[in-house]
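Please read these notes beside the sequence and the coordinates. They take the chain contact first, then the sheet, then the domains.

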Amino acid sequence: MKTSTWGKGLYFLAALFLWGGFVPVRPAVAAQSVADFYKGKTLTWICPFSPGGGYDVWARVLAPAVQKLTGATVVVKNMPGGSGLVGSNFMYTKAKPDGLTIAITQSFTMVIDSLFDNPAVKYDFKKFTWLGRLSTDDYVFSVGKNSRYKTMKEIKAAPRFKIALDSRTAVNGAGVTSFALAANLENASVVAGYAGSSEVKLAVLTGEVDGTSTSIGSQWQMLKSGQLIAVAVVGKERAVSLPDIPTIYELNPNMPAGTKKWIDQLTTLQDTGRAVYAPPGVPRDKADYLRGVIQKAVKDPAVTSRLEKQQFYVVYLSAAEYQKQLESLGLTPQDKAELQHLLLKKY
Amino acid sequence: MFNILFPLALLSVVSVMIIFALGYDDTARFFPLLVMLPVAALLVLEIFLELRTRVKQKTGKPEGGPAEKTGLAAYLKSQAWVVLLLLSLYFLGFIAGSALFLLIYLRTHEVKWLYTAISVVVTVAVIYGAFGLLFEVYLYEGLLFSKFF
Amino acid sequence: MYTDILNGILSIFDPMVLLLMFGGMVVGLVLGILPGLSGLTGLAILIPLVFGMEKTQAFALLMGMYAASSQGGSVTAILLNIPGTGPNAATLLDGFPMTQQGHAGRALGISLAASAFGGLFGGVVLALSMPLLRPIVMAFGSPESFIIVLLGLAYIGVLATASPLKGLISGGFGVALSFIGYQEVSGHMRFTADSIYLFDGIRLVPMTLGLFGIPAAIDLIMSGSSISQAKIVHATASDMLEGFKDLFRHWRTFLLCSSIGTVIGIIPGVGGDVAAWVAYGSAKQASKHPEKFGTGCPEGVLAPESSTNAKEGGAMIPTLAFGIPGSAGMAVLLGAFLIVGLTPGPLLLRDHVDFVFSLVAILILGNVLGSVILALAATQLVKVVNVPGTIMGPIILILVAMGAYSTAGNILDVLSAFLIGVLGYAMRRAHFSSPALFLGYILGAMAESYFYLSLEAYGWMFLMRPIVLTLIVIGFFSLNYKWLGKLFKKTGRAA
């Protein structure tokens with residue numbers, strides 16, 4: 001009798017203790033297990049473009065840093081196709097949300113394809129698990145060293161100002177459209193169809209076309225050697241590497257509100273830059289862990305020095321901020337039609 | 001017979017493409033039509049010439065060598081193997097799928113166990129070692145394994 | 001300046017540099033041999049290693065790898081009818097038949113000799129044209145590229161072995177296929193039926209593997225006999241030496257094709273795949289016995305091999321002069337320039353003459369050494385040709401599947417390779433020309449883009465540009481000189 005009440009009491013106390021003991025212990029065990037979860041596993045990093053290209057370089061430079069931080073083996077897998085569509089669709093429909101697959105993307109393309117109702121799009125970009133923005137891509141509009149029109153005055157006075165593009169897509173059109181709109185160029189006409197950015201640059205050098213807009217990184221060597229002359233930076237702020245070059249906003253301080261609206265829209269889209277993300281539905285703890293890893297990785301001096309050698313600069317934005325930015329992106333049907341016209345048909 | 005069916009097949013593909021092309025706007029359809037219309041015409045010519053040669057030959061000569069080795073039956077058999085390969089790769093991934101396919105194929109053709117084993121081992125080693133390790137090509141694991149692991 | 005040049009060339013004979021070059025070459029050879037993988041994959045993987053390396057060492061590694069990879073590709077093309085990389089597809093037209101007839105060793109010898117000397121040719125042209133680099137590249141714009149591609153297309157007629165009608169149809173169909181996908185000039189999607197997979201068109205690697213590799217494998221499966229239909233084949237030193245001598249026997253062909261390769265290499269964008277086919281077609285045109293091409297004729301191997309290797313020398317010209325890559329490989333190499341802290345362009349030639357010449361030396365040495373290493377390995381590699389088809393057939397199918405998958409990690413590539421394989425086999429049975437189709441496929445959409453670009457940038461006057469006119473005239477005569485010659489003779493006699 002004694003034992004049973006004592007026993008029950010003891011039993012009850014023991015249960016209470018153990019049960020109570022578990023509660024505070026559990027979160028600590030969980031956090032430790034996320035880091036442990038990654039050790040020894042394989043983390044696949046999808047790059048939706050071909051090996052050797054800009055996005056591939058970013059992934060491959062960051063991969064060792066991520067590997068060191070997580071203890072997981074990071075494998076970069078190229079999945080080119082459809083200007084990034086194949087990769088984005090894969091991440092939305094087929095990739096498992098177990099935290100072991102992440103991807104790098106050119107958010108601009110991802111967003112535009114979605115906003116313009118490309119029938120091949122299978123994703124909702126707002127639902128991805130965003131892990132952080134790596135950089136914004138500064139675009140610069142340049143003319144050739146031997147070009148007939150080198151100053152803005154000459155450009156505006158030209159009978160026809162030819163601008164080169166590789167393929168006639170909305171994303172490629174953005175740099176051109178922003179510049180032409182800002183400078184109020186009625187004489188601009190697009191020459192599209194070049195095989196790639198190298199051919200575009202060559203066309204500017206040979207004088208076949210008068211100018212082009214590509215990322216600063218891809219033009220860097222030529223800007224430095226004087227073969228290309230920068231005219232204006234396509235963005236909201238001046239570029240770190242080109243402090244003397246005005247922005248397109250500065251080209252036209254009295255920009256009409258209508259024009260400014262479009263340029264703002266385009267530069268905001270452009271600023272979505274390069275980002276890392278995971279499939280929708282990744283558990284909160286793993287997502288936060290990965291976000292922390294990315295944030296640390298982009299600060300690694302080994303990473304930044306390698307990137308800077310190829311003229312890539314880290315302009316980090318946290319996942320939370322980035323998500324907010326993306327949520328604000330949307331177009332009314334009227335705006336959509338107008339924007340499509342501006343990007344694809346006007347020039 | 002095949003010599004007529006094949007150009008006919010090509011012709012149908014080209015015709016479909018022409019029909020699509022007619023619906024595009026000028027820049028998009030000019031060159032395709034410029035090329036495809038003559039190709040279609042040439043295909044018609046080719047089919048016509050083939051038919052004419054056949055009509056001239058009063059006695060139909062049988063095709064090539066023993067049907068067993070070069071005829072349609074042999075080709076279809078080889079395609080069956082191709083399908084088997086694709087299925088094994090799809091469900092079991094590259095390593096297990098190749099190994100299984102090779103095993104089945106070689107044994108069905110009565111290759112000695114020793115040679116079969118060597119072939120399988122070497123092939124898998126090349127796939128794993130060269131493609132997988134050295135060049136970090138992501139080796140598809142196959143439907144089966146991804147579902148369970 | 002001459003001391004600089006000499007220093008540059010001698011600097012590559014440093015033990016570390018040579019070691020890295022050798023390492024790169026081994027990697028490149030393996031890459032080349034495995035279907036679907038090419039020098040580009042290798043570059044993407046090796047570039048991270050290059051950070052912190054001294055510049056000559058870095059480039060010895062990368063260029064050694066790249067030079068060797070195309071030679072490795074030739075080996076599979078000759079022995080297995082599988083093009084290791086795009087340009088190798090032309091090699092197998094005569095290379096594989098030679099293997100089937102038991103002359104694999106000789107074919108390999110030709111390939112290796114052509115690689116060594118072709119690379120030498122390209123390198124020498126590169127070195128000699130240093131002062132002229134900029135004007136040369138500046139002279140070629142979209143109109144010139146258009147004419148060159150058009151000329152390439154004209155060679156479709158030359159390539160066809162059976163009836164010209166079938167050749168034209170094959171080529172035309174190939175051109176039609178090239179239009180599938182996104183039209184760069186306008187942004188329109190064509191013939192894709194809303195499938196993303198076809199967005200970029202039919203992919204190159206599945207096309208090459210399916211059109212050439214799979215039919216060969218199917219043949220092996222169906223017949224069961226080994227690739228070499230003659231007796232057991234060895235690649236002895238004397239066989240390969242025979243191939244070596246072939247280069248000198250046909251020195252005119254060699255010079256012609258190397259020149260073609262170099263010129264096409266100089267023009268950025270036109271692409272290395274074209275060079276091999278134009279060279280093949282030209283060699284066939286110029287040959288005294290064109291009907292032998294395609295049946296296992298040594299010249300048929302010599303032509304594409306010399307041009308492919310000379311092409312890289314040409315491709316370095318715009319890369320160094322402007323930082324505009326002359327080929328896909330050069331595009332990735334540009335990244336390497338940045339990593340070691342160099343800026344290609346006029347400044348490079350002015351301030352780093354020694355390094356530039358060490359690059360030329362690496363290019364040449366890489367090709368030559370690659371050939372030597374491969375020659376040594378060839379004796380063993382050739383044994384593959386004696387293995388019964390019952391074993392090789394399925395293995396080749398697996399390798400093809402692997403290769404198709406490796407390019408983009410897309411299972412659909414494997415499927416499309418096999419579907420194209422059906423087309424390839426059907427074409428062979430019906431005596432249509434796969435090479436013609438392939439050429440049409442590569443060049444078709446390219447010609448269209450260049451045309452619209454030329455029109456948009458210059459208007460119809462683009463046809464009046466001097467180089468364009470010259471090329472038109474050259475093209476017209478080279479394609480027709482046989483019967484034009486007869487015409488002139490006749491008029492001569494009549495008068």
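**Notes on the predicted model**

1. Contact of chains B and C. Chain B puts 48 residues into this contact, and chain C puts in 42 residues. On the chain B side, the elements giving two or more residues are helix H1 (2–22), helix H2 (26–56), helix H4 (72–108) and helix H5 (113–134) of chain B. H4(B) gives the most, with 14 residues. By class, the side of chain B that touches chain C holds 38 nonpolar, seven polar and three charged residues.

2. Confidence. This is a predicted model. Its scores are ipTM 0.84 and pTM 0.83. For chain C the mean pLDDT is 81, and 93% of its residues reach 70 or more. Where pLDDT is low, the predicted coordinates should not be read in detail.

3. Chain B on its own. Its secondary structure comes to six helices and zero strands. Along the sequence the pattern reads α-α-α-α-α-α. Of the 149 residues in chain B, 24% are buried. Take the contacts in chain B between residues at least 6 apart in sequence: 56% of them join residues at least 24 apart.

4. The sheet of chain A. Five strands form an open sheet in the order S7-S6-S8-S5-S9 (chain A), and the pairing is mixed. Which strands stand at the edges? They are strand S7 (188–192) and strand S9 (228–234) of chain A. Each has a single partner strand, so one side of each is left without a neighbour in the sheet. From one strand to the next, the twist averages 30°.

5. The parallel pair. Strand S6 (residues 161–165) of chain A pairs with S7(A) in the parallel sense, over five bridges. Within this pair, Lys162(A) has Ser189(A) in S7(A) as its bridge partner.

6. A helix on the sheet. Helix H8 (residues 216–224) of chain A packs on the sheet. It touches strand S5 (139–144), strand S8 (211–215) and S9 of chain A. The direction of H8(A) makes about 120° with that of S8(A).

7. Strand S5 of chain A. How does S5(A) pair with S8(A), and over how many bridges? The sense is antiparallel, over five bridges. Val143(A) has Gly211(A) in S8(A) as its bridge partner. S5(A) also pairs with S9(A), in the antiparallel sense over six bridges. There, Gly144(A) stands opposite Leu228(A) in S9(A).

8. Burial of S5(A). Six of the six residues of S5(A) are buried, so this strand is largely enclosed by the rest of the structure. In a regular strand the side chains alternate between the two faces of the sheet. Both faces of S5(A) are covered. Tyr139(A), Phe141(A) and Val143(A) are buried on one side. Val140(A), Ser142(A) and Gly144(A) are buried on the other.

9. Domains of chain A. The assignment gives domain 1 (40–136 + 273–337) and domain 2 (139–269). How far apart do their C-alpha centres lie? The distance is 27 Å. Their contact takes 11 residues from domain 1 of chain A and nine residues from domain 2 of chain A. On the domain 1 side, helix H4 (residues 107–115) of chain A gives the most, with four residues. The residues of that side divide into six nonpolar, five polar and no charged.

Note on methods. Residues are numbered from 1 along each chain as its sequence is written. Chains are lettered from A and ligands numbered from 1 in the order in which they are written. This is a predicted model: local features need pLDDT of at least 70, side-chain atom pairs count only at pLDDT 80 or more; totals for chains, interfaces and linings use all residues. Two residues are in contact if their C-beta atoms, placed from the backbone, lie within 7 Å. Ala, Val, Leu, Ile, Met, Phe, Trp, Tyr, Cys and Pro count as nonpolar, Asp, Glu, Lys and Arg as charged, and the others, Gly among them, as polar. Two strands pair if DSSP finds at least two bridges between them. Axes are lines fitted to C-alpha atoms, for helices over the stretch in contact, and angles run from 0 to 180 degrees between N-to-C directions. Domain bounds come from an automatic or database domain assignment. A residue is buried if 20 or more other C-beta atoms lie within 10 Å of its own, exposed if 12 or fewer, and partly exposed in between; C-beta atoms are placed from the backbone. pLDDT is the predictor's confidence in each residue, from 0 to 100.
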